[in-house]
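Please read it beside the sequence and the model.

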Amino acid sequence: MSNLTQELAKEVVAAFVAEVDPAAETRLKEPEIELLEVLVREALSAAMHEAAERVETLARELRSESGSPEIEL
């Protein structure tokens, strides 16, 4: 996973932990926090992949409308 998704996941988890009720925070252990970070990273990665696919589809559509040949990356 990219550094961006890793950094964003850490920020989200840190913000979550900061907002959790102090009583609940004491029950959150490192493995649970790491699992939450992994889940957030995976969700971000999936969303970024979907966005990239949409951009690629749109680029193909625009190229076909303009008559430009398509170049595969």
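1. The structure is a predicted model. The mean pLDDT of the protein chain is 89, and 90% of its residues reach 70 or more. Confidence is lowest in helix α2 (residues 22-27), where the mean is 83, and highest in α3, where the mean is 94.

2. Composition. The protein chain contains three helices and zero strands. In sequence order the pattern is α-α-α. The radius of gyration is 19 Å, well over the 11 Å that the globule rule gives for 73 residues, so the protein chain is more spread out than a compact globule. The C-alpha trace spans about 60 × 20 × 15 Å along its principal axes.

3. Packing of α1 and α3. Two packed helices are described by the angle between their axes and by the distance between the axes. Here, helix α1 (residues 3-19) packs with helix α3 (residues 30-66) at an angle of about 130°, and their axes are 8 Å apart. The angle makes α1 oblique to α3. The crossing of these two helices, α1 and α3, is right-handed.

4. Residues at this contact. Which residues of α1 meet α3? On the α1 side they are Leu4, Thr5, Gln6, Leu8, Ala9, Lys10, Val12, Val13, Phe16 and Val17. Their counterparts in α3 are Ile33, Leu36, Glu37, Val40, Arg41, Leu44, Ser45 and Met48. The residues of the contact of α1 with α3 comprise twelve nonpolar, three polar and three charged.

5. Ile33 as a point of reference. Ile33 belongs to helix α3 and is one of the α3 residues that meet α1. With its neighbours within four places in sequence left aside, which residues does Ile33 contact? They are Val13, Val17 and Leu28. Among these, Val13 and Val17 are also listed on the α1 side of the helix contact. Ala23 lies ten residues from Ile33 along the chain, and the C-alpha atoms of the two are separated by 15 Å.

Terms used
Residues numbered from 1 in each chain as written. Predicted model: local features only at pLDDT ≥ 70, side-chain atom pairs only at ≥ 80, totals over all residues. Heavy atoms only, no water. Axes fitted to C-alpha atoms, helices over the stretch in contact; angles between N-to-C directions. Helix = DSSP H or I, 4+ residues; strand = E, 2+ residues; numbered from the N terminus. Parallel < 35°, antiparallel > 145°, perpendicular 65-115°, else oblique. Left-handed = near helix turned anticlockwise from the far one by under 90°. Contact = heavy atoms within 4.5 Å. Nonpolar A, V, L, I, M, F, W, Y, C, P; charged D, E, K, R; others polar. pLDDT = per-residue confidence, 0-100. Rg over C-alpha atoms; globule rule 2.2 N^0.38 Å.
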